[in-house]
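Student: Hi! Could you walk me through this structure? I'm still new to reading these.
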Amino acid sequence: MKNLSIEAINELRRNARSVVRELGLLNDAYFEIGVTLAERHLLIELITCPSPTMGEIAERLLLDKSTISRLISNAVKKGYVKCVTDGKDKRKRFLEMTEKGQQTLKAFEPIAFNQTKEALLTLTNEEIEIVHKGVGLYAKGLKSSRIQNTVDAEHNAGSGAYNSKKIESLPEISSRLAQLGFTLDPFDEKDEEGLYEIFQEVVDSGSQFPYECSSIEEFHRQFFTPEGQVYVCHSLRGEVVGGFYLKANYSGRSSHIANAAYMICEVYRGKGIGSLLIKASLHFAKDLGLLAMQFNMVLSQNKLAIKLYERLGFNVIGTIPQAVRNPDGSFQDGYVMHRKLDNL
C-alpha cells in the first residue's frame, strides 16, 4: 500500500477543483455559443472517431445508455449531429456531424486552445513538462482505478463464484502442455494486459467472436462474470499466449449447463494448445458438477473451430440463420454446439 497522506490527497482535490473553476466549467463553459460541455466532447469524438455507433460513443465518453441517449437526442434537436442508417443493415445506426455541428466545433475549439496556450505561456518550460506528465499520470490513475473498481465489483458480486482449480488436477493435460512448452493457470492480475491484447487481436479479426468493440470494458464484461472462472495459458517464459473463461450458461434450473470461450495469440495457433484448453475446460466443468457444455454462437465460417469442436465430441444442435453481420455487409449463420460431460 502506497503511503498517501490525507494532506496530499486533499491538496490534489483542491487543485482539481481550481482547474474546473478556472476553465469555467461551473458556468457550463461555451454557453454563449449554445453548446454544453457534454456536447463539446461529443463533437470532438465525432472528429476523432468518424461515424461511430451510439454504443461506441458511450464507451468513449464513459456514459451509460440512458445518459448517452439523452445527450445524442439533444444534439440531434440542436442540429449538431444526425443519425444515419446502414444501407445494408437497417438495424444499425451511425452518428455523423452536421454542417452546424462542424461550425459549432470551429467556434469553441479556438477558445479552448487559446485558453490552454495562454495558461502555459505563464509557465517555464520545466513547469510545462511537469504539467504534461502530471495531468497524464493523473488521468492514467483515474482510468486504472475505474477499471479495477469495475473488476472488483463484478468479482464481489459473485460471492458464490466457482473456486478456480489448479491444472495439476489434470495430470495428462498438464503433462501434454508442458511437453509443448506451456502451462495453464488460474487468472492473476498480472495476466490482464497480455490477455487483453489477445482479446483485441481476436475481436478485431472478426473471425471468432461476434463483438464489434474490443475495448477494455468489453473485455471485462465478457470474460469476468460474477460466477465465472478465467484460466490463462503461459509460455515457459511467462508470456500470456491464450486463455478461456468458464461459467454457467444459464441461471436457475438450467445452471447445470456450462459455457466457455477460448482465444489464443495468432502466432501460437496450430500447435495443439486449443484442443488442450478445451479439454481442460470440460474437465473443470464436470468437476464443478455441470452436466454439459454449450456454445451459443459458433460462427459458421470458422471452419477450423467447428472441426475441432466436433472432434472433441460436440454436435451442432441448432442453426441461427444470418446470425452475424460480416464487415462487408454480408451475413453468416451461427451454430449452437453442445456435448454432455459424462463421457470425458
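Student: Okay, where does Gln322 lie?
Tutor: Gln322 is part of strand E8, which covers residues 315-325. Keep in mind that this is a predicted model.

Student: And what is phi of Gln322 near?
Tutor: Phi of Gln322 is near 50°, a positive value in a residue that isn't glycine. For context, most residues other than glycine have a negative phi.

Student: Is Gln322 buried or exposed?
Tutor: Gln322 is exposed, because its relative accessible area is 54% and the cut-off for exposed is over 50%.

Student: Where else is there a positive phi in a residue other than glycine?
Tutor: Leu62 has one, with phi near 60°. Leu62 sits in the loop between helix H3 (54-61) and helix H4 (65-77).

Student: Switching topics: in what order do the strands of the open sheet run?
Tutor: The seven strands follow the order E3-E4-E5-E6-E7-E9-E8, and their pairing is mixed.

Student: Which strands stand at the edges?
Tutor: Strand E3 (182-186) and E8 do. Each has a single partner strand, so one side of each has no neighbour in the sheet.

Student: What does the twist average from one strand to the next?
Tutor: The twist averages 25° from one strand to the next.

Student: Back to E3: in which sense do E3 and strand E4 pair?
Tutor: E3 pairs with strand E4 (residues 229-235) in the antiparallel sense, over five bridges. In general, strands of a sheet pair through backbone hydrogen bonds.

Student: Which residue in E4 is the bridge partner of Thr183?
Tutor: That would be His234 in E4.

Terms used
Residues numbered from 1 in each chain as written. Predicted model: local features only at pLDDT ≥ 70, side-chain atom pairs only at ≥ 80, totals over all residues. Heavy atoms only, no water. Helix = DSSP H or I, 4+ residues; strand = E, 2+ residues; numbered from the N terminus. Buried < 20%, exposed > 50% of the residue type's maximum accessible area, 1.4 Å probe, protein only. Pairing = 2+ DSSP bridges. Axes fitted to C-alpha atoms, helices over the stretch in contact; angles between N-to-C directions.
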